[in-house]
Amino acid sequence: MSKKYNCIACGKKNLDKDTIGVNKKLIDENVNTFYCMDCLANYLGCEVQDILDKIEEFKEEGCKLFS
């Protein structure tokens with residue numbers, strides 16, 4: 001069973017694997033604390049939809065973080 005992660009900013013519980021993957025892809029592959037989508041967008045200064053679009057791009061490229 002995989003470990004459950006919570007957002008380090010707002011405390012949202014049980015972040016999904018795409019959220020974990022995009023944190024690793026956009027912040028640092030070795031990061032071990034994570035933001036939820038809303039807090040990550042705020043941290044990066046973009047919209048949640050921008051992150052969702054990037055996730056789809058990464059999946060299409062075959063990125064191992066989203067398999």
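**Before you start**

You are looking at a predicted model, in which local features need pLDDT of at least 70 and side-chain atom pairs count only at pLDDT 80 or more, while totals for chains, interfaces and linings use all residues. Residues are numbered from 1 along each chain as its sequence is written, and side-chain values use heavy atoms, with hydrogens and water left out.

**Stop 1: the whole chain**

Show the protein as a cartoon. How many helices and strands does the protein have? There are three helices and zero strands, where helices (H or I, at least four residues) and strands (E, at least two) are DSSP runs, numbered from the N terminus. Follow the chain from the N terminus and the elements read α-α-α. The radius of gyration of the protein (taken over C-alpha atoms) is 11 Å, close to the 11 Å from the globule rule (2.2 Å times the number of residues to the power 0.38) for 67 residues, so the protein is as compact as a globular protein of that length. Turn the model along its principal axes, and the C-alpha atoms fill a box of roughly 30 × 30 × 15 Å.

Of the 67 residues, 31% count as buried. Buried means under 20% relative accessible area, exposed means over 50%, and partly exposed lies in between (1.4 Å probe, protein chains only).

**Stop 2: Thr19 in helix α1**

Select residues 17-26, which form helix α1, and pick out Thr19 there. Is Thr19 buried or exposed? Thr19 counts as buried, at 3% relative accessibility. Leaving aside its neighbours within four places in sequence, Thr19 is in contact (heavy atoms within 4.5 Å) with Tyr35, Cys36 and Met37.

**Stop 3: helix α2**

Next, select residues 37-44, helix α2, where you will find Leu44. Within α2, Met37, Cys39, Leu40 and Ala41 are buried. What covers these buried residues of α2? The cover includes α1 and α3 (48-60).

**Stop 4: the core**

Hide the surface and look inside. In soluble globular proteins, nonpolar side chains tend to be buried together. Here the largest nonpolar core has 17 residues, and those with the most contacts inside it are Cys7, Leu15, Val22, Ile51, Ile55 and Phe66. Such a core is a set of buried Ala, Val, Leu, Ile, Met, Phe, Trp, Tyr and Cys residues joined through side-chain atoms within 4.5 Å. Helices α1, α2 and α3 each give two or more residues to this core, and the largest share, four residues, comes from α2.

Click on Ile51 to see its surroundings. Leaving aside neighbours within four places in sequence, Ile51 is in contact with Val22, Met37, Leu40, Ala41, Leu44 and Cys46.

**Stop 5**

Bring the surface back and select Leu26, Ile27, Tyr43 and Leu44, which make a nonpolar surface patch of about 330 Å². Leu44 is partly exposed, with a relative accessible area of 34%.

**Stop 6: the salt bridges**

Side chains of opposite charge can pair when their charged atoms come close. Counting a salt bridge as a side-chain nitrogen of Lys or Arg within 4 Å of a carboxyl oxygen of Asp or Glu, there are five in the model.

- Lys17 and Asp18 meet at 3.8 Å, N to O; Lys17 is exposed at 53%, whereas Asp18 is buried at 18%.
- Glu57 and Lys54 have their closest N and O atoms 3.0 Å apart, and the two residues, three apart in helix α3, are separated by about one helical turn.
- Glu56 pairs with Lys59, with closest N and O atoms 3.9 Å apart; Glu56 is partly exposed at 42%, and Lys59 is partly exposed at 33%.

Definitions and conventions:
Patch = residues over 30% accessible without salt bridge, like charges linked within 9 Å, V, L, I, M, F, W, Y side chains within 5 Å. Areas by Shrake-Rupley, 256 points an atom, 1.4 Å probe, with all protein chains shown as cover.
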